Amino acid sequence: MHHFQYKEHELFCEDVSVAGLAEEWGTPLYIYSYATLAHHFRAFDAAFREYPHLTCFSVKANSNQAILRIFANEGGGADVVSGGEIYRSLKAGMNPDRIVYSGVGKTHDELDFALEVGILMFNIESTQELNVLNERARLLGTRAPVSFRINPDIDPKTHPYISTGLKKNKFGIESSASIQEYRYAKTLEYIDIIGISCHIGSQITETGPFVEALRRIKSFVHELRREGIRIKYLDIGGGLGITYDKETPPPPDEYAKAVLKEVQDEDLTLILEPGRVIVGNAGILVTKVLYTKSTSEKNFIIVDAGMNDLIRPSLYNAYQEILSVTSFSQEKYVADMVGPICESGDFFARDRLLTRPREGDYLAIMSAGAYGFVMASNYNSRPRPAEVLVDGSETHLIRQRESYEELIQGENIPPFLLSEPGTSRSS
Ligand code: LLP
């Protein structure tokens, strides 16, 4: 469900014309629907209502403060992977005791920051990290609440770049070694064991892999209990997929039912880390057709957005639906939709049957709300796009378009280079 619909022949976000927004704020432009974001969060959270739980939105999927604020207002928490994400979450109004922190490479500074603000839980991914955290907590005169992120060796049947719970992946602690980790952690003075966690991958479109992972984790929880180690939190990560093309992922209700069936007899609090399923279909990237050209081989639609603005098609060969913002033309042709970046991998669609656009038309790249702006870069010195949030008939600019000045902010030409242009030292 989302609120991007045609009215007559024009694409709308809620009650606002997408073409009107593109005219007003320029392109490329990220547009998000508040109603869709709030609905997705509520639907997901409500699916778990019969069991103690905390829904921690995965900040890496979309970290705009306005978006985070929506979920904070809904009573949600945050799943973070860096000090920067902790900072953003706090600035957006997230409660520190609703923040969980995963990641294989947490730095000393990041651990200190998280300890100082008092987050809910550190999801530990190696023995060395555990030792460092124990030491940082000692130095800061505090204690660190931890869970271990277990790698359950489950195939999530998704793109290899976004599968994380296989033995060969860098994430988590091998299941066979986990019990020793817990025993060891018990001996550390500044560590409080409070949970267990796992995250097997992203864009998962069936419940099977989640259930399988959960069963492994559950039997491990029982093993811990037999050892006298009682935990409170079971963090099952994120990963629920969405429909980009023809995928039919289980809706949150079905996913929740499958999860709750496994945990109903356990005295635990679930932590959920959904990202994509909440924001994916709640955002689009609007771009303008600059030129069209045909070679003997191909038709090209050249647009003003590039792989620097939305990298998913280039990086994962991901499918993103392309819609015409105004759909007056019915003429279709097979074309590549490409950006202005100097790379042949800079494309949004390849050999796709698309409506033949005219110069100046707007096109909408759908399902761009997750892993869209957050993965944008300044490659080719392109300012990153603006982001707007639509609420009914109102529009709010939630991130202004970057300027050329911002592009060079922080750069410095050392004084020794500041002689007359054209007079280098060797000349
Ligand atoms: N928790 C952890 C520990 C994660 O690593 C992730 C995503 C999530 C939760 C949220 O997963 P989600 O519910 O969004 O599937 N850039 C890729 C996706 C990378 C996902 C990384 N981890 C893409 O564009 O498909």
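**Strand S13 and its surroundings**

Strand S5 (residues 53-58) runs parallel to S13, and 3 bridges join the two. Strands count as paired if DSSP finds at least two bridges between them. In this pairing, Leu54 stands opposite Ile271 in S13. Strand S12 (residues 233-235) is also parallel to S13 and joined to it by 3 bridges. Here Leu234 stands opposite Leu270.

This is a predicted model: local features need pLDDT of at least 70, side-chain atom pairs count only at pLDDT 80 or more, and totals for chains, interfaces and linings use all residues. Residues are numbered from 1 along each chain as its sequence is written, and side-chain values use heavy atoms, without hydrogens and water.

Which way do the side chains of S13 (residues 269-272) point? Thr269 and Ile271 point one way, Leu270 and Leu272 the other. All are buried (under 20% relative accessible area, 1.4 Å probe, protein chains only). In a regular strand the side chains alternate between the two faces of the sheet.

S12, helix H9 (residues 252-263) and S13 make a right-handed β-α-β unit. Right-handed means that, with the strands pointing away from the viewer, the path from the first strand over the helix to the second runs clockwise.

Now the whole chain. Its secondary structure comes to 12 helices and 21 strands; these are DSSP runs, with at least four residues (H or I) for a helix and at least two (E) for a strand, numbered from the N terminus. The C-alpha trace spans about 70 × 65 × 40 Å along its principal axes. Buried residues make up 54% of the 427 residues.

Terms used. Buried means under 20% relative accessible area, exposed over 50%, partly exposed in between (1.4 Å probe, protein chains only).
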